Structure formats: C-alpha cells, structure tokens
There are 2 protein chains.
Amino acid sequence: MKVAILGPRGTYAEIAARLRFGSSAEIAPYSMITDVAEAVARGEVDAGIIPVESLREGSVGEALDALAWTDIKVQAEIVVPISHCLIGVPGAKLENITQVLSHPQALAQCRDFLRKNLPKAELIEMTSTARAAEQVGKLKQPYMAAIGPRALADTYGLEVLRGNIQASEMNITRFLCLAKEDSRPTGHDKTSIVFYTAEDRPGILYEILREFAVRNINLTKIESRPSKRVLGDYLFFIDFEGHREDARVREALEALQTKVAMLKVVGSYPKRF
Amino acid sequence: MKVAILGPRGTYAEIAARLRFGSSAEIAPYSMITDVAEAVARGEVDAGIIPVESLREGSVGEALDALAWTDIKVQAEIVVPISHCLIGVPGAKLENITQVLSHPQALAQCRDFLRKNLPKAELIEMTSTARAAEQVGKLKQPYMAAIGPRALADTYGLEVLRGNIQASEMNITRFLCLAKEDSRPTGHDKTSIVFYTAEDRPGILYEILREFAVRNINLTKIESRPSKRVLGDYLFFIDFEGHREDARVREALEALQTKVAMLKVVGSYPKRF
C-alpha cells in the first residue's frame, strides 16, 4: 500500500494517513496538493491524503481545485484533531522568543495566543509545520520557536515551550482520502459534487437546491469558488448526506444534470462528522 | 486621510489603496487582516483595505472572519489586476535559480510557471511579496528569486527576470475597503451579508435563497464557512446585486431575519465587476 500525502513527513497529513492505513503503509510525501491528486490519477500510488477544510480557516482552495479538475474520487474523509505546541530549543524561554515559524494556517490558528503572549514576535511563514521545526532545530537560536504538533519536538531535538496554543479547544482538520474509486454504501454516507451553471440569473442556485430540498436531502456544505475564467463566474462545491446509489440521491443528481453545464460527482464515502 | 492596509508597503494592497484614495492618503501597514479591521472599528484610521478573494485562490478566510466579527462596514470593492514577476539580483539567470520566495498565494498563482521552468526550486513562503523581495535584496544571492509586482524590483535594487508569470492571463484580486459606514445607493450596487442558521435541517438554505429568488435578486457569491464551534456548523456569506435601501432588498432582508439566528448586513457598495 503506497499513500501520497501533502508533505513533508511528520505533519498532520501523515497522522491522517496513519489513522486510515495504519503503520505499515508506505508514505510518499509531495510538496503540493495538486501533485498528490495527480499521483493518484496517474496510478503511481494507491491513495492520496489532502487537507480540505479546517475548523478555523475554512476550505483549502487548492484542494477544491484538485477535486474539480483531477481524475480522482473521494474515498473517505478523515477528521484529525489539531493540537499545536510552541516548540523551541531546550531551555528556551517564552519571554525571549522574537521569531515564530510555522505554516500560515498554524500561525492563523494560534493568532490569539501569539497576539496575547508574543505580540512583537516576527511571524515567519514556512511551507509546513515540519519545515519550521527543522529550521529551528538547525539554527538552534533561543529566540526562535516553531508551531506544530508535539511529535515534531522529538524529531528535531526540541522542547515544547507551551502546549495546546490553538485558539479553539475544538480544533479539527478534515482530510480527504483520494483514490481511483469511491466507497460502497454503508447507510451513513456523504456525497461531494462540483458543478458549474452556464446561466448567471436570479434563482438558478435556488432551483438547483430545490432538487435536494424536495427529496429531504440535507446539505452539509456549500461553497462557490472562482472558475478562473472571469471573476464572478463560479464553480459550486456541495456536500450532502446520502450515497450516490441511494434512490433519492440518484434522482436529485439526474435532475441536476439537466440544469447545469458541468456536473462531477466527486465521490460518496462514509460520513465521519 | 489615514488608510490601514494589509502590509508591508509596496504590495497589491497598497496599489488598491492608491486606486481608491490617491497618492496623498497616509498609509498605515498592519501585519494581519484582523488588525486592519480592528483599527477601522476603533476609529484609529478612516478606512482599511483588505484582500477578500482572488481569481485563482478563492476567498481569504481571515477576511471573511473579519467581516463577520468586527464592527465595520464594507464601503467599496476594488478590483486590482495581478501581474507577478520573477525578480532576482541584477544579472541573475533563470536556470540558476534554486530558491523562490513569495507569499503563498503568489507562489500558488505562479504554480504552472514554477513547475515548468523551475521544477526543482525550493519554494519558501513569506508573509508578503514585499518581504520576499526585501530578503532577496538583502542576501544578494544569484540563486534566489522573489515573486511579486514589478514595482518591488526598483524598491529593492533588483531586476525582473521574467514578467507576467501568473497562471492565467486574467488574474485579479478583489479588495474591500472597510470603514465605519457603507456607501449611498448608486443604482448599480452590491450588498454583502453574513448569517447563521440555528437549525440544521434539509431545505433551510433553500428556504432562505427563496427570499432572493422570488424578488428576482441575483446572487453573485455564496460560501459556507466553519463557525468555529463545531465542524459542520456553518456561517453563510452571500453577496447579491442591489442596495440594502432598495425596496425589494429591504423586503428580502426582513424576511431573512425571521429565518436565521444571526444576520449581519456587512454593507452595500458600488458593484465593480
């Protein structure tokens, strides 16, 4: 079993991969979400793990693009609780920290802690929490700290200066497992679709949502996103409860097909939250 | 006139501020979108400029949060065409570049160029395009390059190695001008709202959109976003055509008020795209 993840190793994406595939899976880290999706589409790996949404920061734009434009299916969602730590060289003191390195989303997730405890620290964005810890471990300066999961402290010979510094007690990132096929019905499923309407007129989205409402299908998420052609021209991403093989979902999707210019059923998979 | 922008100086936010307020406005750079919004709310500045959406990358999560939770109004939208350049030390050659520094969105916007021309270069995320150019100007290494607007080359004594390297010919970022008051009706306006439904049941969003559809009000954007309480519990952000003082908009908002747990009219302002 070979699994592509948004790398590098040691970040939350690897935790998500281990939750789904266990410790024996071979992990292949890629530097961009698009690369993970394309590795799945080309069959180079059996599955790919990408972050799609976090409680604090909302959707990951690059992930939505990958769902729309890559030949993959969503096979599962994996919910990973995020717990960030401030990590520094052994013996470093919180009051001496003047530089904090981390991934932009982790910095944002710890914004309240940083503004309260380190209001003057320079925030340095890195491509991942692991890269940030690696840099602090390499430079070994007592004024530098990284933000990321606790496991990074061990990996890079560092120490946890403060634990659980993210804004919300309840902080969760939703990862998707991409594969060539989606999942079989379990009776407790979700389906993700993306569509594009050729018309831009009042009521078109309303008419589309009608197909779900009249069939008592609960939407769990809706998002419009620039189609990259003209600003104001949007793709729609909708998640709803039910499997694409359920009779009422099948009917809704058939009705939708006649109203939109493009419809992609990205996949049905067990609902995890 | 004092205008807060998402800093540092020299990035696209300053270009947007100049487009709206001209060259005489005093510019106050802040390091986070939240800080810009709060400076406006506290009355420390007359207006604030924040990026809210880009053609390539979609919405800026922190900006949506600021709209929902800060005591500000949207007074205008400003559309700025984005043209990124690869900028290096004078005499640097494209084929020798092994490190590319920029803001994560700029790196993402130039993803196709980077994958084709510099597939092995290390991508280093910085808090802004200006910070990236500053760093390249300081270290003066021929293997380093920054991505950002052309003006940065002059500011930091650098040279444009390649121009217009962003993915799409048509690349635009939408900025919002925040202030204490929104704008008067012009006959060609847009309104932004954010709301939260207490109920999570099939059809609730459909019922809400009905209030717009039956009054022939065109939606230009819809987005659900985690409310930060529980994953799957969402705030909705909707932009639509019309001013909050238009009779049919006023009626729709009154009807909405009875269906949602929280409704904030973020502002009405002239439609720019």
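Modeller: Two residues are in contact if their C-beta atoms, placed from the backbone, lie within 7 Å. Domain bounds come from an automatic or database domain assignment. This is a predicted model: local features need pLDDT of at least 70, side-chain atom pairs count only at pLDDT 80 or more, and totals for chains, interfaces and linings use all residues. Residues are numbered from 1 along each chain as its sequence is written, while chains are lettered from A and ligands numbered from 1 in the order in which they are written.

Biologist: How many residues of domain 2 of chain A are in contact with domain 1 of chain A?

Modeller: Chain A has domain 1 (2–81 + 171–179), domain 2 (85–162) and domain 3 (190–270). The centres of domains 1 and 2 of chain A, over C-alpha atoms, are 24 Å apart. Domain 1 of chain A brings nine residues to the contact, and domain 2 of chain A brings 11 residues.

Biologist: In which sense do β1(A) and β2(A) pair, parallel or antiparallel?

Modeller: Helices (H or I, at least four residues) and strands (E, at least two) are DSSP runs, numbered from the N terminus. Strands pair if DSSP finds at least two bridges between them. K2(A) has E26(A) as its bridge partner in β2(A). Strands β1 (residues 2–6) and β2 (residues 26–30) of chain A share five bridges, and their sense is parallel.

Biologist: Which strands stand at the edges of the five-strand open sheet of chain A?

Modeller: The order is β8-β7-β9-β6-β10 (chain A), with mixed pairing. Each edge strand has a single partner, so one side of it is left without a neighbour in the sheet; these strands are β8 (122–125) and β10 (159–162) of chain A.

Biologist: How many residues of helix α8(A) are buried?

Modeller: A residue is buried if 20 or more other C-beta atoms lie within 10 Å of its own, exposed if 12 or fewer, and partly exposed in between. Among the buried residues of α8(A) are L205(A), Y206(A) and F212(A). Their cover includes β13 (219–226) of chain A and α8 (204–213) of chain B. Of the 10 residues in α8 (residues 204–213) of chain A, the buried ones number seven.
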